[in-house]
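Hi there,

Here is the structure I promised to pass on to you. Have a look at it first, and then read on for what turned up in it.

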Amino acid sequence: MDDRTDRYAGNAELLKALAHPLRLRLVRGLLKCGCRNVGCMEANTGQSQSCISQHLARLKAAGVVKAARAGNEVYYELADPRAAAVIAALFEEDEAL
């Protein structure tokens, strides 16, 4: 594969990772509120911890988010700045949110 093909493949993977309403909501929440844990996401979305954790695992595997442990808690933050641009375009918001 050449560099251009790699770039298309990488962008397609980002879009696949974001291609679920809850994952979009989680990433948008991270952009608006910063680093967050699953408990906070659970309270804000009404979804179960296991459901959120599964979606975060998909986002993490795609490199969209990264996790950091602090004691017993795991906090998530955006790892791929392209995701911020996608969210901004979809929700017509400033990328700085």
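Which residues does Arg23 touch, not counting residues up to four places away in sequence? The answer is Lys16, Ala17, His55, Arg58 and Leu59. Please keep in mind throughout that this is a predicted model.

Let me stay with Arg23 for a moment. You will find Arg23 in helix H2, which covers residues 21–33. Arg23 is buried yet takes part in no salt bridge. Its nearest side chain of opposite charge is Glu13, and that one is 9.9 Å away. A salt bridge here needs a nitrogen and an oxygen within 4 Å of each other.

Now the overall picture. The protein has 5 helices and 3 strands, and reading along the sequence gives the pattern α-α-β-α-α-β-β-α. The C-alpha trace spans about 45 × 30 × 20 Å along its principal axes. A compact globule of 97 residues would have a radius of gyration near 13 Å, and the protein has 14 Å, which agrees. Of the 97 residues, 32% are buried. If you take contacts between residues at least 6 apart in sequence, 53% of them join residues at least 24 apart.

Next, the sheet. It is an open sheet of 3 strands in the order E1-E3-E2, and the pairing is antiparallel. The edge strands are E1 (36–37) and E2 (65–70), each of which pairs on one side only. Strand E3 (residues 73–78) runs antiparallel to E1, and 2 bridges join them. To see this pairing on your screen, look for Asn37, which stands opposite Tyr75 in E3. Helix H2 lies across E1, E2 and E3, running at about 90° to E3.

Helix H2 also holds Leu24. Is Leu24 buried or exposed? Leu24 counts as buried because its relative accessibility is 19%, and the cut-off for buried is under 20%. Not counting residues up to four places away in sequence, Leu24 touches Leu18, Ile87 and Leu90. Leu24 and Asp6 are 18 residues apart in sequence, and their C-alpha atoms are 24 Å apart in space.

Finally, the charged pairs. Side chains of opposite charge can pair when their charged atoms come close. How many salt bridges are there? The count comes to 2.

- Lys16 and Glu13 meet through their side chains at 2.9 Å, N to O. They are 3 residues apart in helix H1 (residues 3–18), so about one helical turn separates them. Lys16 counts as partly exposed at 46% relative accessibility, and Glu13 counts as partly exposed at 38%.
- Arg82 and Asp80 meet through their side chains at 2.7 Å, N to O. Arg82 counts as partly exposed at 34% relative accessibility, whereas Asp80 counts as buried at 10%.

Enjoy exploring, and write back with any questions!

Best wishes

Terms used: Residues are numbered from 1 along each chain as its sequence is written. This is a predicted model: local features need pLDDT of at least 70, side-chain atom pairs count only at pLDDT 80 or more; totals for chains, interfaces and linings use all residues. Side-chain values use heavy atoms; hydrogens and water are left out. Two strands pair if DSSP finds at least two bridges between them. Helices (H or I, at least four residues) and strands (E, at least two) are DSSP runs, numbered from the N terminus. Contact means heavy atoms within 4.5 Å. Axes are lines fitted to C-alpha atoms, for helices over the stretch in contact, and angles run from 0 to 180 degrees between N-to-C directions. Buried means under 20% relative accessible area, exposed over 50%, partly exposed in between (1.4 Å probe, protein chains only). Lys and Arg count as positive and Asp and Glu as negative; His and the chain ends are not counted. The radius of gyration is taken over C-alpha atoms; the globule rule is 2.2 Å times the number of residues to the power 0.38.
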